[in-house]
Structures are given as structure tokens and as C-alpha cells.
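Subject: Structure handover and findings

Hello,

Here is the structure I promised to pass on. Please open it alongside this note. My findings follow below.

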Amino acid sequence: METFLPAPLLRPAAWVQVLVDAPARERTYTYRLADGMTAAGGDVVCVPFGSQLVGGIVLDCLDQLPAGLDPGRLKTVESVVGTGLFAAGFWPLLVRVADYYLVPLARVLETALPPGILSRARRRVRLVADAAPMAQWGLSAAAKSAFDFLRSQAHADFSWRFCVQRLSGGASSLRELQARGLIESYYVFGETARPRTQQFVVLAGANADLCGRSAAVVQCLRRLGGEVSVEQLLAEARTTRALLQKLHAGGHVRIYERQILRLAAPTASADAPKPLTDAQKRVLERLQGATPGPVLLEGVTGSGKTEVYLQAIAPVLARGESALVLVPEIGLTPQLTDRFAARFGARVRVYHSALSEGERFDCWRQMLTGEAQVVVGTRSAVFAPLPKLGLIVLDEEHDGSYKQDRPAPCYHARTVALWRGELAGCPVLLGSATPDLESFDRATAGRYLHLEMPERVAGRPLPAVEVVDMREELHRGNFSPFSATLQRAVAQMQAAGRQGILFINRRGYSTFVLCRNCGETLRCPHCAVSLTYHRLEAGDYLRCHYCNYGAPQPRACPHCTSPNLRYFGAGTQRIAAQLGEQFPTLRVLRFDRDTTARKDAHRQILEQFGRGEADILVGTQMLTKGLDLPQVTLVGILAADGLLNLPDFRASERAFQLLTQVAGRAGRGSEPGRVILQTYAPEHPVVAAASTHDFRRYAAAELTQRQALGYPPFVQLVALQLSAAEQDSVIEAAEALARRLDGSADFEGRLLGPAPCTVERVAGRYRWQLLIKNLNGEAGRASLRALLAQFMPCAGVTVAVDVDPLRL
Ligand code: ADP
Ligand code: ZN
Ligand code: ZN
């Protein structure tokens, strides 16, 4: 377990710790600073690494060498390539994240920075002297031939990597030439983006085993400097895209794309501010009058929160400040990003992890320069380096996708956003119809400004929710997944020319396949879960929803060879199929991870539905995330029960949120909505609260229970997950760690477990968990940090720390 305690960063130092951009596991190294060279935390530097020079980021400046390091063996920083990559106040934020989440700062930097930054700190070489008689320079033979080669080429400059690899004498020749002033080496940092999308090819991997045309193409690429546009390579090497793709697939070259950020709806007509409802007006007035700090906006579904965000941002921009808007998942909310683009135009950027390296890098620079004034992004955009931050908005602040599960740091973007707001002195607006109980508890305790919009805009009613007891349906002989009530409602909806949504918790066709002869379930060979059955035109297959293992559907049971396999549990695919059988004229669209895997598929499906080309959208959780589809009058929730009985103390909170959010998709237009909630447990308190849209009642009951049982938000949980390929070693390590923790005064008696995780084996690794209740805040985390630093598990066991885990 690494520990990393950042020291003060901006003082003169003799050594620096550098996060090196090299594909090694341990990636932080100590370097010497040459006399007169200064560096600060966050600087991008060029350092020797192996036989190359690579980019790196200064993590820490040291005036004392860590024990055990021999100063004579340390290499010297080549040069400082870039400073000022971080907006003011950014570095303390990263340090705070590292501190709180018990991870090395290097991990936080990797998460926060766009991935291209280090690789772009590339050194290049330019020839400056020419055609001078070589003899008088007294060059070594290797340096002389290197110089001759450089001169024979038509290029003005070469990449350093290319020179080191190609020239006789490699790096030492270059140093010799540089010392004589024959070449100048300089750095290229953040080359400007091309005005349009362009694909580039860069050399990668080992190319020794190539032959024939492939070898010729790679050779040509090397001749051209190792990195050129695809067009240029195609022309110069007289080759085809197909061959380039093949080399890319084989890892010999890498094709990447750089482009000007494309906002999804450049043609979207400009969007003027709407005249506000009274509730919206009140909220904005209170927001503007308040001292900067956290604000919880509790507004029911369809109360017009988006318009509040937009109108809260406008004055921020007018003051010359910037605004950060976080959303749970960008693909799921194309409508929202479009509205920001339509309202604020070219100042808006969309920033999320699905962008290409080049896009993220360009966007990062535009944020630093102020060209991008509004950033709409997902979790990682909480690190967007916007200077002069005037407002942070977190839409659907309760959403679980704001929490990073892995890799470390397991940060929560809401927590980080609150720190950013504190550091920047700006308000942080958390919006939701179903606030997270922690936010709600803080707001009611007066720690956040608490604003409400209890009604929908234009006096539209919240949809009426009818709870249907599915046990009675069975007694009446209805074995279909659709209750009689729902069937009638679908028919009425279709007759009225309206649209509907059907929510089902699972994707795929069947959630498990069971052999009727021997009773075995078909399971993933790598995980302790059953496989989900998917139907495809290309052939049916089974897939593991944990590790993505896939296999063709067997004709017979692999255990007993009986052909008597049966499919249980309905997923979106089966529901869509059954709906089609029962209502042959109904046009059904599916909205889940399988149908939206293609880029832009979310938008296409939603637009198709929006144009009225389908009557019903069958989907998973994806449907719950803020969709505004005014034609939808009917929402059917097929199996609420799957949500209620999960082994996690937050299961009921999540179920309440999900049910309320799905229901909230109905009746957002001029026609009132209707929700049919099917369940086998109609008396369940969560069902009762969701069906009356009563967040307050639910929250009060749940918080009382959490307090009694000692769960968040009343205590802090820290989960330690141990994993290993061998079950014995993971159990042994978990027990050893538990003994250590129980022996510490800080955690005595506050330990749950060790116990296997809910799904014990995933992707071939066994996982055990320890849960700590930390009542001592910062002091508790500090002693945990110290304890983990000393804990050496046996080989092959890894320990992952999750502070404030969301899923147990
Ligand atoms: P929420 O995010 O609170 O669920 P939205 O922001 O999506 O709600 O707003 C719901 C609907 O009401 C949208 O169609 C939106 O265009 C409309 N709306 C919001 N504010 C106003 C307003 N002031 N006047 C008229 N329509 C509005
Ligand atoms: Zn069998
Ligand atoms: Zn699996």
C-alpha cells in the first residue's frame, strides 16, 4: 500500500518527485533538479526514463532526499516544459481528494487530468547549423553520422524519440550535437487543434515481426517522423485504410483522432430564457441573495429545474466568470446539453471521458484560457480547470454515477464539487426531486441553503400512481408480466395516440437459465453469478453482466446434457418481444445498454421516439435520468420488487429514487400522466411513499432508521475490499487486516466483517470486504492511513479502499 503525504509545494527544492508517463506499475520517481532550475507541483517536466525522454508531472518538491535513495544514482530533470496547467485553487483540491480518499496523489492526478497531457509534452529536435565543415567540430563518428542523416532529411524538425531510435549513438549523439550548437532541442506542448476532425497515426508497440506491405507502411511512418496524419501516410505509403486498421488492431500503430469539439446541436436554434414561474423566480432570488455555499434545490419532477440552472448561470457569465454543470451521464441527457448549447452558444463545452484524448486536451486548454466558459460534463468534469468559477450545478445530485467505483480514487463528484465551491468561494447548486439522504439531512439541519419547488410548471399535476398487486393477477390466472390494468392502459394510450414508457430493471432476454433435469443454473465461469440470456439475429448467446464473458447458448445442459433448459426472469428484450406479441400494432423501442452501445445511439433512439416513430419505450434505469418527453402519458413499472430486496442498507433509498424518477417521466406535457406500478409487495413503505410522491415522509422514516442502526449519514463508512485469485489467500489477508483494525483503539468494535462481497467472485478474482464505521472523522482516516501503510498482505492480494462507499 503506497502512502503519499504531500508536502508544501512551492519552495525551492533540490529534488522532485515526478509522476512519469511510462507504462510501469509504480510510476513515481525521484529526480534531481539542476542548479538554478526551479519547479513547482503540477509542472510538466521532461525527464530521462530508460533510454528515452518522457513527460512527467511534478508531484512534490523535496529538499531532503527520502531515506534509502542514493543521490549519485538519481537522474536530472531535462527541463520544465509547462507550468500553469491548473487553475488557481486546483492543486489544493487534488491534495484534499488524495487525503480524504486515502489514495496517492498520483492516482488523483491521473483521474483529474486529460489523458493526453503527458504524452503531449514531447521533445523535438531542430537542426540549426548547416553544411559547415565537420572536421572542425571534432565530433565523434556517431554524432557526425547522426548529423549527416538529419541534414539529408527535408524536415525542419524531428521528434526526439525518432532521433533516439534512428540515429547512430542515439541520445548521446544528440547531446553532443546540442552541446556544439548544431541542433536545438525544443518542446512542443499542446499543439493547436486542427480546424476539423483529423485522424493521426503514431508508431506503437514492437514492429520487428512485420513483413511485406505492413513492414513497408511502418517503415514509411517511421521515415515521416513516427506520427503523421492518416491522409499523409496513405498518400506517401500508397496503402489502404484497411491495412492501417489492421496494424492498429495488431497494436503496431495507433490511430487517434483530433478534432474541434463538436457540440451536438450546432443547428439548434437559439434558446431564449423562459418567463419564470413564481416558484422558479423565488428560487433564483434566494440563490442570488445568499452567501456562497451549498444549496439544495428540492424540486419535484417537471418543476423546471433546468430553467433555474440556465438562468442562474446567465449572470455568472455576464460577470465574466465561468460555470460548471455536472450531469450523471452525458449520453442519457442529450436534451440537457443541447439546451445549454442553445442558450449559451459557443462558450459551452461538453467534457466527459468518452471524448477522444485530443478532444479532452483541447477542451482542457480552452477552459484554462477562458474560451470555454460553461462546461457541461460527467463525474470527471468536476476537475475541469475553469478559472474564476462562479457557480457549480449538480443535476440529479442523488445519482449514483457521481461516485467512482474503481479505479482509485473512489471519489464522489458531489463531495469534490462542494470542496471546489468552498475553495472558489462560489455556490454549489444541488438539484433533485429525490435528494440524497445525506444532502437532505444537511439541508434540513441548516448546513445548506434549502430551496423547494413542490409543484410542476404551469399547474401540471404530478401523475397519479396506481399500485397493482401482482399476487392477485396470478390468482386471476394472468401469468403475463402485464397486469390487466396495464394492458387496458396501453390500449387506451395507443388509441389516444399518446406515448408510454415501460420500466424493467434488467436488460437481456432472461436473467437466468435453469436446467429442469438437474436443477443447475448456467453460471459465468469467472464470476459467482448466473448468465443472462440474450437473443440476437446472429444467434442466441449468454452473457455475464459483471465481466462481460459471453458464450453461445448451449443446446443442452453442460452439467447433465439434458436438452430441457428453461428461461426465467424477464429482461427488456423479452418484455419488448411479449409486448409486440400482445399488441401487434404497437411500435416498440428498446432503451438499454445493449441498444445504446453505438456512439450517439441514445440520441438517435430518443429523437426517433420524440418524433413519434414509436409508441412505447421499454428500458432500464437509463429511463430515469431526467428525460423530458412531453408526449409520454403512461409509465408502467413492471417489477418494483427486484429493487426492494437487495442486500444493501441503501436499497430502499435507491428504490424510492428510481420509482419516483420513472414515475416522473409521465405527464410532463399538457396531458396529465398515469403511472402503473406493479409489485408483489404493495404494502412496502417505499412503494407507498413513491406512489404518493411523498419524499419527505420517506426521508424522515429512513433517516430515523439509519440513525438507530448507525449508518450514513450518521457515521462514516469505509470499505476495504481485498481480492485475489486464490480464495484462501484473500480470506487469510482479510482476517489478518481485521485483527489489526480491531487491535487499534480507533476502530475497536466498529468493524463489520470480514465477509465475502455480495458477488464473491468477479472476473476470476475472489473478493472479501471489511466495513469500518469511522466516528472520528479526519483523525480516524489518518490512523487508517497509517495502519494500511504498514499492512503487507500476502502476494497476489490487493486492497482497495473506498471511503463513503455507495454500494456494498
Ligand atoms: P425538471 O428537471 O425539474 O424535471 P424540466 O427542467 O425538465 O424539469 O422542466 C419540465 C418541463 O417544463 C420542460 O418541458 C420545460 O421546458 C418546461 N418549463 C420549465 N420552466 C418553464 C417555464 N418557466 N415556463 C414554461 N415551461 C417551462
Ligand atoms: Zn442439467
Ligand atoms: Zn463474469
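First, a definition: a residue is buried if 20 or more other C-beta atoms lie within 10 Å of its own, exposed if 12 or fewer, and partly exposed in between, with C-beta atoms placed from the backbone. This is a predicted model, where local features need pLDDT of at least 70 and side-chain atom pairs count only at pLDDT 80 or more, while totals for chains, interfaces and linings use all residues. Residues are numbered from 1 along each chain as its sequence is written, and chains are lettered from A and ligands numbered from 1 in the order in which they are written.

Most residues other than glycine have a negative phi, and most peptide bonds are trans. Several places here depart from that. Arg238 is not a glycine, yet its phi is positive, at about 45 degrees. Arg238 sits in the loop between α8 (230-237) and α9 (241-249). Helices (H or I, at least four residues) and strands (E, at least two) are DSSP runs, numbered from the N terminus. Arg238 counts as exposed because it has 11 C-beta neighbours inside 10 Å.

His693 also has a positive phi, near 55 degrees. His693 is in the loop between α22 (685-691) and α23. Is His693 buried or exposed? It has 23 C-beta neighbours inside 10 Å, so His693 counts as buried.

There are cis peptide bonds too. One joins Pro712 and Pro713, with omega about 5 degrees. Pro713 lies in the loop between α23 and β30 (716-724). Another runs from Gly753 to Pro754, with omega near 10 degrees. Pro754 belongs to strand β31 (residues 751-762).

**Around Ala699**

Ala699 is part of helix α23 (residues 695-709). Ala699 is buried because it has 21 C-beta neighbours inside 10 Å. Not counting residues up to four places away in sequence, Ala699 touches Leu437 and Phe440. Contact means that the two C-beta atoms, placed from the backbone, lie within 7 Å. Ala699 and Glu653 are 46 residues apart in sequence, and their C-alpha atoms are 8.4 Å apart.

**The cysteine site**

An unreviewed UniProt entry places the feature "binding site" at Cys515, Cys518, Cys557 and Cys560. They span 46 residues in sequence, but no two of their C-alpha atoms are more than 8.6 Å apart, so they gather at one spot. UniProt positions are given in the numbering used here, feature names are shortened, and annotations may be inferred rather than shown by experiment.

Cys518 lies in the loop between β21 (510-515) and β22 (532-534). Cys518 is exposed, with 12 other C-beta atoms within 10 Å. Neighbours within four places in sequence aside, Cys518 contacts Cys557, His559, Cys560 and Ser562.

Cys560 is in the loop between β24 (550-552) and β25 (565-570). Cys560 counts as exposed, with 12 C-beta neighbours inside 10 Å. Leaving out residues up to four places away in sequence, Cys560 touches Cys515, Asn517 and Cys518.

**Ligand 1**

How many residues surround ligand 1? There are 19, and the closest are Lys274, Gly304, Lys305, Thr306 and Glu307. A residue is near a molecule if its C-beta atom, placed from the backbone, lies within 6 Å of it. Helix α11 (residues 305-318) gives the most to this shell, with three residues. By class, the shell holds five nonpolar, nine polar and five charged residues. Ala, Val, Leu, Ile, Met, Phe, Trp, Tyr, Cys and Pro count as nonpolar, Asp, Glu, Lys and Arg as charged, and the others, Gly among them, as polar.

**Sheets**

Seven strands form an open, parallel sheet in the order β14-β15-β13-β16-β17-β12-β18. Strands β14 (348-351) and β18 (449-453) are at the edges with a single partner strand each, so one side of each has no neighbour in the sheet. The twist averages 20 degrees from one strand to the next. Two strands pair if DSSP finds at least two bridges between them. β13 (residues 322-326) and β16 (residues 389-394) pair in the parallel sense over five bridges. Leu324 stands opposite Ile392 in β16.

Elsewhere, β3 (residues 44-49) and β4 (residues 52-62) pair in the antiparallel sense over six bridges. Cys46 faces Gly55 in β4. The hairpin of β3 and β4 has two residues between the strands, and Gly50 there takes a positive phi near 60 degrees.

Best wishes

Technical notes:
Axes are lines fitted to C-alpha atoms, for helices over the stretch in contact, and angles run from 0 to 180 degrees between N-to-C directions.
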